[in-house]
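Work through the two exercises below. Each has a task and a stepwise solution.

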Amino acid sequence: MITLLTFLLAFNGAVMADNHWKNKTINKEDLKKSLTEEQYQVTQHEGTEMPFKNKYYNHKEEGIYVDVVSGEPLFSSLDKYDSGSGWPAFTKPIDTSNVQTKIDFKLIAPRQEVRSKHGNSHLGHVFDDGPQDKGGKRFCINSAALRFIATQDLEKEGYGEYLKLFPNQSVEKKKLETAILAGGCFWGVEDLIRKLPGVVETQVGYTGGDLKNPTYIHVKTGSTNHAEAVKVTYDPAKITYTALLEFFFKMHDPTTLDRQGNDVGTQYRSAIFYSSPEQKELAEKAIKAQEKIGRWKKPIVTKVVPASTFYDAEDYHQDYLVKNPGGYTCHWVRD
């Protein structure tokens, strides 16, 4: 009997945990303390955040997005896609019972506003220009209205029922790896690498130099010895380190010393920054493989050096060519 009672209590607790958002009381005064100014403005006053300068527009990790106010599940990473708008876009809600729409007349033409049902948070708008093979809807949502929960955290945060959406995802944290590559102006390097299947995230920054906490003002002079580099977070089950390096050698010229296109200086050098003996060995093998292929008429000058502190570049450098289509680049993929 005690065993049965214990089971029932545990089961009831699990159900309550999985539905905790349904009974949550929303107090606006408490929200002002718990939310950032932008989150409060977006969710409570129908605000709109800046495109391309928000948290989740280029977010690729697997998991679900919940209402930042109530916690109710709203969207899944499985339904997320790049609409080119600069805001997170989804083809459908994770659970239609948690999302409601109404006509918004704030602009000249009426729009369909999207709100969470239980939290009554303003989320964004839904349009009819989404992928036709997935229903034709584009749920254009503000990052500030969302909180992301990765698949490995769903159980402990009370969203275990949504694990069934990710049958190939272990409950344990998926093992991701990092590569740091330098091949000239990091705008073009990042823009090409970020599109590779298996690349989860890219970050541009400065590494391999002597000055602590460098900024672009310092690095662009070439006096700090930093290289403009890209930190690539990738899923080794989908793309290998060797495959990344093969692509790296196709998208820049590794034979020009301290130069790439019109950009000249040590900050534009070709380099692979390894973080393990295995990465070092694979990098050296990749260079030998390139020399054997004979794609390049001159010797490869790419340096293979230990990884050191990576300093993130300023926000305006991140995803620069996404924010500025047609902007400067000297990178392209060679056969």
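Strands (E, at least two residues) are DSSP runs, as are helices (H or I, at least four residues), and both are numbered from the N terminus. Two strands pair if DSSP finds at least two bridges between them. The model is predicted: local features need pLDDT of at least 70, side-chain atom pairs count only at pLDDT 80 or more, and totals for chains, interfaces and linings use all residues. Residues are numbered from 1 along each chain as its sequence is written, and side-chain values use heavy atoms, with hydrogens and water left out.

**Exercise 1.** Find the pairing partners of strand β11 (residues 199–207) and state how enclosed the strand is.

Step 1. With strand β12 (residues 227–234), β11 forms eight bridges in the antiparallel sense. Glycine 205 has alanine 229 of β12 as its bridge partner.

Step 2. With strand β17 (residues 311–312), β11 is again antiparallel, over two bridges.

Step 3. Buried means under 20% relative accessible area, exposed over 50%, and partly exposed in between (1.4 Å probe, protein chains only). Eight of the nine residues of β11 are buried, so the strand is largely enclosed by the rest of the structure.
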